Amino acid sequence: MSASRTARTTRHPGQLAATVVGAIFLLVGILGFIPGVTTDFDQLTFAGHGSSAKLLGIFEVSVLHNLVHLAFGVAGLVLARTLSGARAFLLGGGAIYLLLWLYGLFIDHDSAANFVPVNSADNWLHLVLGIGMLALGLLVASPRRASATG
């Protein structure tokens, strides 16, 4: 068995989870810049609630919003190299998304405070992402799991 194949098979499930989540964020960030996948692409603005472009016709996006997804994706892929990095990405990202969910609930979506921008669909997706990432960080990327499986 080659060294690279052995390295792949010994990756912790938490690292795999962070890699998958990071790759999904990277894909979403890229898709946000593709006309057709993003409806009203000609209305895409850098930031602010004035962007009426919507990823998959549902989620409000802007250039800034897409760049945040790309940055989260890169962070996930980089941090997934170690178990502690994967856990930090999943727990930290989950906490950030729960804060974004709360922020989106309390701001006026038609105000300057909605600079990302977000809509109701984004808010509920942020809740699901926050809970999901925290669960993965606590359950799958647990250091105890490494000692239990190793």
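This is a predicted model: local features need pLDDT of at least 70, side-chain atom pairs count only at pLDDT 80 or more; totals for chains, interfaces and linings use all residues.

Analyst: Sorted by class, the α3–α4 contact comprises seven nonpolar and four polar residues, with no charged ones.

User: How is the geometry of two packed helices described?

Analyst: Two quantities describe such a pair: the angle between the axes and the distance between them. Here the axes of α3 (residues 63–79) and α4 come within 8 Å and cross at roughly 155°. Angles over 145 degrees count as roughly antiparallel, so α3 and α4 are roughly antiparallel to each other.

User: Where does N114 lie, and is N114 buried or exposed?

Analyst: N114 sits in the loop that runs between α4 (83–106) and α5 (120–140). Buried means under 20% relative accessible area; N114 has 1%, so N114 is buried.

User: Which residues does N114 touch, not counting residues up to four places away in sequence?

Analyst: With those left out, N114 touches G48, H49, Y103, I107, D108 and H109.

User: What does A95 count as at 35% relative accessibility?

Analyst: A95 belongs to helix α4. The value falls between the buried limit of 20% and the exposed limit of 50%, so A95 counts as partly exposed. A95 and G14 are 81 residues apart along the chain, and their C-alpha atoms are separated by 17 Å.

Conventions. Residues are numbered from 1 along each chain as its sequence is written. Side-chain values use heavy atoms; hydrogens and water are left out. Helices (H or I, at least four residues) and strands (E, at least two) are DSSP runs, numbered from the N terminus. Buried means under 20% relative accessible area, exposed over 50%, partly exposed in between (1.4 Å probe, protein chains only). Contact means heavy atoms within 4.5 Å. Axes are lines fitted to C-alpha atoms, for helices over the stretch in contact, and angles run from 0 to 180 degrees between N-to-C directions. Angles under 35 degrees count as roughly parallel, over 145 as roughly antiparallel, 65 to 115 as roughly perpendicular and the rest as oblique. Ala, Val, Leu, Ile, Met, Phe, Trp, Tyr, Cys and Pro count as nonpolar, Asp, Glu, Lys and Arg as charged, and the others, Gly among them, as polar.
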